[in-house]
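Welcome! Keep the 3D view open as you read.

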Amino acid sequence: MESKSEQNEWSSGVWAHLTAVRQQSPLVQCITNFVSMDLVANTLLSAGASPAMVHSVVEIPDFTPHIHALCVNVGTLTPDWLPSMKAAAELASKLGKPWVLDPAAVSCSGFRLKACLELVKLKPTVIKGNGSEIIALSSASRGHTKGADSSHESTDAIEAAKSLALSSGAVVAVSGAVDIVTDGKQVIGVHNGTKMMQKITATGCSLAGLVAAFLAIDSSRALEATVSAMSVFGIAGELGEAMANGPGSLRMHLIDSLYGLDETTVLKRVNITRLG
Ligand SMILES: Nc1ncnc2c1ncn2[C@@H]1O[C@H](COP(=O)(O)OP(=O)(O)OP(=O)(O)O)[C@@H](O)[C@H]1O
Ligand SMILES: Cc1ncsc1CCO
Ligand SMILES: [Mg+2]
């Protein structure tokens, strides 16, 4: 059982992170899939960050030095996108800017798995995937694929996440019923969120973008910033679901709830535990 004071510490950390994002409005470059661009950008705006979907390899040398964080998502990867992703990731790492890798649907082809393994070598600050994605990336093998959806519980991926964190040096985050965050030693569980979020495409991609925004304002504490982003997004989903009639209206209410989140609600709803 988490002690009351530990839970309070997590809650005040989550609120402090959200407040900092709202005050500093970090610029987050997103090289993300076509399905997710709109929801990722709107999620970042609602949280107070500034999204920029800048993809072209020719723009990266000019633009990436100005960003505060980067999110790379391979959900609709083609061979002509990969050089942009690698160039942005390499530059972000070189300039000490935090970046997030979302290995969306990594198991769907050998091409995608190889691309993700190459991106992992470029030192992402955080790797965020669903259970199946983290298991595949950690073992560098495709196994069964359900495309962008997970066929595993996030808790099935704890050992894979720890092993990937240790081999890559990244904090690894697994989204699902319980969001798992690990640096290979500590394992934290974020119990916010609602099942219906799985019925909106790109909620996981949006979460990865949000993690990038939170890293931008606390990059030296990647594990804590990631936990905070996951809790905030989950709480917005919980509040959104209470107003929604189904996934379509949840999408709208999730964005509104994220925008309107206040301190009392955050302090009351944060549900974070140490799992190891
Ligand atoms: N069963 C569940 N209960 C509570 N919250 C959930 C559940 N499933 C997913 N979520 C929440 O939904 C969000 C998206 O996670 P999910 O694992 O569905 O992402 P994903 O598979 O990467 O999605 P996508 O690829 O469509 O972007 C997370 O914030 C997560 O906490
Ligand atoms: C549905 C879908 N297909 C490729 S990426 C994506 C968005 C969720 O990851
Ligand atoms: Mg995903």
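Let's begin with how residues are sorted: Ala, Val, Leu, Ile, Met, Phe, Trp, Tyr, Cys and Pro count as nonpolar, Asp, Glu, Lys and Arg count as charged, and the others, Gly among them, count as polar. With that sorting, the shell around ligand 1 has eight nonpolar, eleven polar and three charged residues. Please remember that this is a predicted model.

**Around ligand 1**

- There are 22 residues around ligand 1, and those that come nearest are Ser 175, Ala 177, Gly 193, Met 197 and Gly 204.
- Two elements, α8 (203–217) and α9 (222–243), each give two or more residues to this shell.
- Which element gives the largest share of the shell around ligand 1? That is α8, with four residues.

**Around ligand 2**

- Ligand 2 has a shell of its own, including Asn 33, Val 35, Ser 36, Gly 75 and Thr 76.
- Also surrounding ligand 2 are Ala 104, Ala 105, Ala 148, Thr 201, Ala 202, Gly 204 and Cys 205.
- Sorted by class, the ligand 2 shell has six nonpolar and six polar residues, and no charged ones.

- Nine strands make up an open sheet with mixed pairing, and their order is β2-β1-β3-β4-β5-β6-β7-β8-β9.
- At the edges sit β2 (50–52) and β9 (272–274), each of which pairs on one side only.
- From one strand to the next, the twist averages 20 degrees.
- Do β7 and β8 run parallel or antiparallel? Strand β7 (residues 179–182) and strand β8 (residues 187–190) run antiparallel, joined by four bridges.
- One of the residues to look for here is Asp 179, whose bridge partner in β8 is Val 190.

**A closer look at β1**

- Four of the five residues of β1 are buried, so this strand is largely enclosed by the rest of the structure.
- The chain goes from β1 through α2 to β2, making a right-handed β-α-β crossover.
- Helix α2 (residues 37–47) lies across β1 (27–31) and β2, and runs at about 160 degrees to β2.
- β1 and β2 run parallel and are joined by three bridges, with Val 28 opposite Pro 51 in β2.
- β1 also pairs with strand β3 (residues 69–73) in the parallel sense, over four bridges.
- Within that pairing, Cys 30 has Cys 71 in β3 as its bridge partner.

Methods: Residues numbered from 1 in each chain as written. Chains lettered and ligands numbered in written order. Predicted model: local features only at pLDDT ≥ 70, side-chain atom pairs only at ≥ 80, totals over all residues. Near = placed C-beta within 6 Å. Pairing = 2+ DSSP bridges. Axes fitted to C-alpha atoms, helices over the stretch in contact; angles between N-to-C directions. Contact = placed C-beta atoms within 7 Å. Buried ≥ 20, exposed ≤ 12 C-beta atoms within 10 Å, placed from the backbone. Right-handed = clockwise from strand over helix to strand, strands pointing away.
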